[in-house]
Amino acid sequence: MIKLIRSDDRLIHGQCVTQIVKLYAIQHILVIDDFTATNPFLKRIFEKAVPSNITAEALTVDQAISAARKAVDNEVSTLILMKTPLVMQRLLEAVEDLPKDLNIASLAAGQDRTAVTKYAYLTPQEISAVKQMGEDGVHIWFRLIPTSPCTEWDSIKMNY
């Protein structure tokens, strides 16, 4: 069962392992990122960066579709991590019964990125995808860690 779907350009990191994994009782982490999944060195780092009682795998978006379908139906508490909300849009198109809930965390500032929160900067394509997902009934919320304040997309969408 998918417990949390999260867009965070850091993917697996200290806050993820120490707070999110515990809060959601995560047993498996599915990292969905084409670059990470196709780089043997990075893939190995991400798959080993979790506590020994948790499994992790790094898959391309195409590979992750079948893994996400399985995660929807099984009893393993799963965290899905992706670098961009664009991946969520692809998953929603391909995975029936995917939870319509997306936590957006840290997305770094950069050229052609707009600050949506103090820690989440989205490209025009990501803003468009978030708008569309919101219109399609996906609950979108911004929060770095479980103890930080939450910003609901519905409360700020009129600014974008």
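**Strand pairing and helix packing**

In the predicted model, Asp101 has His139 of strand E8 as its bridge partner. Asp101 belongs to strand E5 (residues 101-104), which runs parallel to strand E8 (residues 139-142) and is joined to E8 by four bridges. Further along this pairing, Asn103 is found opposite Trp141 of E8. Trp141 also faces the next strand, where Glu152 of E9 stands opposite Trp141. The pairing of E8 with E9 is antiparallel and consists of two bridges.

These strands belong to an open sheet of seven strands, arranged in the order E3-E2-E4-E1-E5-E8-E9. The pairing within the sheet is mixed; the E5 and E8 strands run parallel, whereas E8 and E9 pair in the antiparallel sense.

Aromatic rings were examined next. A pair of aromatic rings is described by two values, the distance of the centres and the angle of the planes. The count of aromatic pairs in the model is two. One of them is formed by Phe142 and Trp153, with 6.4 Å from centre to centre and 40 degrees between the planes. This pair is classed as tilted, because planes under 30 degrees apart count as stacked and those over 60 as edge-to-face, with the rest being tilted. Phe142 is part of strand E8, while Trp153 is part of helix H7 (residues 153-156), so the pair ties together parts that are eleven residues apart in sequence.

Helix packing is described for two contacts, both of which involve helix H5. Two packed helices are described by the angle between their axes and the distance between the axes. For helix H4 (residues 61-73) and H5, the angle is about 55 degrees and the axes are 10 Å apart. H4 is therefore oblique to H5. The crossing of H4 and H5 is right-handed. On the H4 side, the contact is made by Val61, Asp62, Ile65, Ala68 and Arg69, and on the H5 side by Val87, Arg90, Leu91 and Ala94. Of the residues in the contact of H4 with H5, six are nonpolar, three are charged and none is polar.

Helix H5 (residues 85-94) also packs with helix H6 (residues 124-135), at an angle of about 40 degrees and with the axes 8 Å apart. H5 and H6 are therefore oblique to each other as well. The crossing of H5 and H6 is left-handed. H5 contributes Pro85, Leu86, Met88, Gln89 and Leu92 to the contact, and H6 contributes Gln125, Glu126, Ala129, Val130, Gln132 and Met133. The residues in the contact of H5 with H6 comprise seven nonpolar, three polar and one charged.

Notes
Residues numbered from 1 in each chain as written. Predicted model: local features only at pLDDT ≥ 70, side-chain atom pairs only at ≥ 80, totals over all residues. Heavy atoms only, no water. Axes fitted to C-alpha atoms, helices over the stretch in contact; angles between N-to-C directions. Parallel < 35°, antiparallel > 145°, perpendicular 65-115°, else oblique. Left-handed = near helix turned anticlockwise from the far one by under 90°. Contact = heavy atoms within 4.5 Å. Nonpolar A, V, L, I, M, F, W, Y, C, P; charged D, E, K, R; others polar. Pairing = 2+ DSSP bridges. Phe/Tyr/Trp six-rings, centres within 6.5 Å; stacked < 30°, edge-to-face > 60°.
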